[in-house]
Amino acid sequence: MPKAPWARGQGLAAALGRWREDPQLAGVFPLQTTIPGRPGRAEPLPESLHPLVRRALEARGVTALWSHQARCLALAQAGRPFLAATPTASGKSLCYNLPVLQKVALEPDARALYVFPTRALAQDQKRALEALLEGSGLPCPVGVYDGDTPSADRRALRDKARVLLTNPDMLHAGILPNHTVWKTFLANLRHVVIDELHTYTGVFGAHLANVLRRLLRAARFHGAEPLVLGASATLGNPEEHGARLLGSSVEAVSEVGAPSGPRHVWVANPPLLDPALGLRASHTRLAVRLAAELVRHRVPTLLFGGSRASVETMLRYLREALAPDGVPEESLQAYRAGYLRGTRRRIEEALRQGEVRCVVATSALELGVDLGDLEAVVCAGYPGTLAETWQRFGRAGRRGRESLGLLVASAAPVDQYLARAPEYLLGGALERARSDPDHVEVLLQHLGCAASEVPFRDGEGYATVSPEDTREALEYLSREGSVVERRGRWYWVAGGSASQAVSLRAAGAERVVITEDARGVTLAEVDLASAALVVHPGAIYQHEGATWRVLSLDLGARVAKVEPAEVDWFTEAISEVELVVTEAVEEARLPAGAGCGHGDVTVTTQVTGFRRLRFHTHEQLGREALELPPREVDTTALWVALPEALVSALGEALELPPGSTPRARRARVLEGLRGYGRALSVVACLAYMCADRDLRCTLGDRSGSELPMKEGAVGEDPAVFLYESTPVGLCERAFEERGALLGRVLELLLGCPCADGCPACTGPGELPGRKALAVALARALAGP
């Protein structure tokens with residue numbers, strides 16, 4: 001008999017005990033383990049520490065340093081750049097704050113610039129730094145300079161702040177183009193700190209590295225040579241990634257000396273509803289149910305969702321689940337990108353004050369924002385990488401207390417792989433961060449920006465680019481009409497701001513504002529690339545638990561108009577993908593006459609309609625067509641192309657009813673190819689430790705051309721494509737390792753216990769025999 005509410009124990013241990021005893025949860029948890037706490041390794045405060053810095057530390061109760069903090073301080077004092085790559089809640093902030101404050105104490109005019117990936121993190125670190133300085137007597141004004149900073153405050157920050165906190169976008173488009181008015185600050189710049197370096201991968205990482213190159217060049221122009229310091233979550237290649245982004249060799253400090261409390265690591269897999277099809281109950285519903293149980297046991301909880309829409313949906317479910325318990329709606333909040341400044345600040349303050357018992361968030365709260373005494377983190381779906389998973393788990397137990405990290409597996413193939421082999425979470429190798437600062441297109445854009453800031457001298461190199469290659473690139477820009485050479489100097493002549501034309505993110509920095517139609521009040525904003533998926537006409541937009549119907553979307557004016565809508569359903573966009581290979585870089589033969597290649601492609605995505613789905617049950621209530629403009633992206637892809645002879649042979653081998661047409665047999669083979677592509681995507685994401693959003697899959701054909709392409713229906717010589725959302729070299733590496741990769745596809749298919757395809761391997765198909773044909777294809781392509 002269940003205990004009465006007033007007899008329910010409180011705390012994390014009681015909640016875990018209740019889950020173990022609940023018969024409805026029997027078999028739901030394939031992993032229940034505990035990582036023991038870790039003792040700390042401390043070192044005394046060094047004698048060289050300035051008395052005011054020592055006073056600041058001792059006023060906060062810090063009488064010794066953890067070993068990794070002491071190592072970072074020693075490196076910085078020796079003038080050597082470092083990357084502190086230690087787990088969440090290990091005291092990384094002090095690794096760079098100490099060298100900066102030491103320099104500020106020793107040099108009255110010294111300045112430091114901190115770069116954070118989000119505004120929330122910059123605000124949080126400002127509060128932490130001011131708290132450290134309080135009562136120390138150290139004159140060190142601290143300020144945040146970002147898009148939220150009022151215009152009236154910006155000049156004062158330039159003149160008075162000794163430590164300035166900003167983000168890559170403001171540094172790129174606000175500070176560097178106006179470096180002459182920052183002359184005093186840049187001339188006295190002694191340290192540049194880049195935090196959360198693990199977030200700067202792919203195209204964004206390449207842009208960040210070039211923004212840093214331009215900053216150092218501008219600082220040298222004003223007579224300064226600042227030391228660059230970095231901090232990151234744990235990575236598989238910290239020194240390599242740090243050197244690539246920071247522009248010089250760095251020492252990675254990754255042996256953590258800070259203590260940690262015991263951490264419970266659990267994995268939950270929703271129960272099977274249809275074993276034959278591999279269909280499972282909703283992972284978001286299970287995540288909400290478990291999070292609600294934690295809240296009932298008064299365990300401060302952070303629930304991560306995979307998208308803005310899922311976050312708002314889970315907040316709605318959570319409030320409904322806890323309403324009978326008398327839990328106020330205000331104590332259950334959502335936090336995601338798109339919220340306006342006032343909304344973000346209100347939620348952040350409520351979190352710090354302990355007024356919020358559970359926050360439902362996207363990755364916007366994955367970074368180092370201090371949320372106080374969180375005890376549990378629930379991830380509704382695998383975040384995509386081990387590094388991200390442990391970064392999220394690390395948000396709980398930051399005070400050395402007992403904590404829980406719970407992953408609720410979705411139906412996605414990678415999630416189901418982890419549910420079958422959860423030990424991968426504990427023993428898998430950490431991801432290697434990838435980025436290419438010398439990517440030609442990115443490099444040329446920032447070379448133009450650099451020329452507009454400080455004209456290039458003839459014979460000058462740009463960062464790691466040789467003077468000869470720099471001149472060649474400048475000559476290219478000259479032919480484009482962007483720069484011109486006069487008396488041995490290269491000047492920007494294209495007009496306008498060079499930096500304003502350069503977006504630091506592949507998705508673009510442009511935003512669409514969401515306004516209430518009747519009052520004209522701005523509710524939120526969304527990036528331009530996502531607007532057609534999220535705020536298309538007829539969409540239900542969810543905001544802080546409320547539902548709004550989208551009346552119109554004007555992409556030209558960057559405005560979506562909405563009205564309140566009390567509905568019991570939400571919407572899901574339907575999109576189509578077309579892919580065309582523009583250049584094959586390399587191609588190779590595979591067994592059975594098949595071909596494999598990689599190269600440059602153009603991917604066109606168009607939202608063609610949307611579905612209406614009921615809350616809770618996800619029952620489909622209908623669908624509507626849309627006519628929205630397509631969006632083109634240039635990227636790279638890997639393809640596996642089948643000769644028509646192999647397609648025919650596989651079709652003839654099928655056991656189909658007498659009289660089945662060749663067209664029917666071919667349709668079955670294409671169904672198998674779709675399943676094979678799904679399995680290939682799963683294997684590639686695991687092999688290269690990336691999220692499924694980074695590598696996407698589609699079908700295409702040669703259609704009589706020399707190169708395979710995907711345009712509409714699949715014709716002769718069909719091909720399966722893996723294409724990168726943003727090009728970082730994954731497909732080139734997959735091509736180089738194609739033999740091992742295709743062999744792993746066969747292993748995955750043979751190792752999955754389902755009968756005819758499930759979300760963990762090929763995905764359920766529209767036609768029978770999907771998995772058997774995928775296995776036949778895998779055997780043929782893998783060879784002996």
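How many nonpolar, polar and charged residues are in the lining of the second largest pocket? The lining has 15 nonpolar, 11 polar and 9 charged residues; Ala, Val, Leu, Ile, Met, Phe, Trp, Tyr, Cys and Pro count as nonpolar, Asp, Glu, Lys and Arg as charged, and the others, Gly among them, as polar.

This is a predicted model, in which local features need pLDDT of at least 70, side-chain atom pairs count only at pLDDT 80 or more, and totals for chains, interfaces and linings use all residues. Residues are numbered from 1 along each chain as its sequence is written, and side-chain values use heavy atoms, with hydrogens and water left out.

Colour the chain by pLDDT, the predictor's confidence in each residue from 0 to 100. The protein chain averages 87, and 93% of the residues score at least 70. Select residues 1-7: their pLDDT is below 50, and beyond near neighbours in sequence they have 0 contacts (heavy atoms within 4.5 Å). Where pLDDT is low, the predicted coordinates should not be read in detail.

Next, select Gln69, Gly91, Ser93, Leu94 and Arg398, the closest to the centre of the second largest pocket among its 35 lining residues. Then show α5 (119-133), which gives the most to this lining, with 7 residues.

Move on to the open sheet with the order β23-β22-β26-β25-β24 and mixed pairing. Its edge strands are β23 (522-527) and β24 (540-543). β24 pairs with β25 (residues 546-554) in the antiparallel sense over 4 bridges; pairing needs at least two bridges found by DSSP. Select Ile540 to find Arg549 of β25 opposite.

Finally, show helix α12 (residues 308-322), which packs on the sheet and touches β22 (511-516), β23, β24 and β25.

Conventions. 1 Å grid on protein atoms, 1.4 Å probe; cavity = no way out; pocket = protein on both sides within 12 Å on 5 of 7 lines; lining within 4 Å. Helix = DSSP H or I, 4+ residues; strand = E, 2+ residues; numbered from the N terminus. Axes fitted to C-alpha atoms, helices over the stretch in contact; angles between N-to-C directions.
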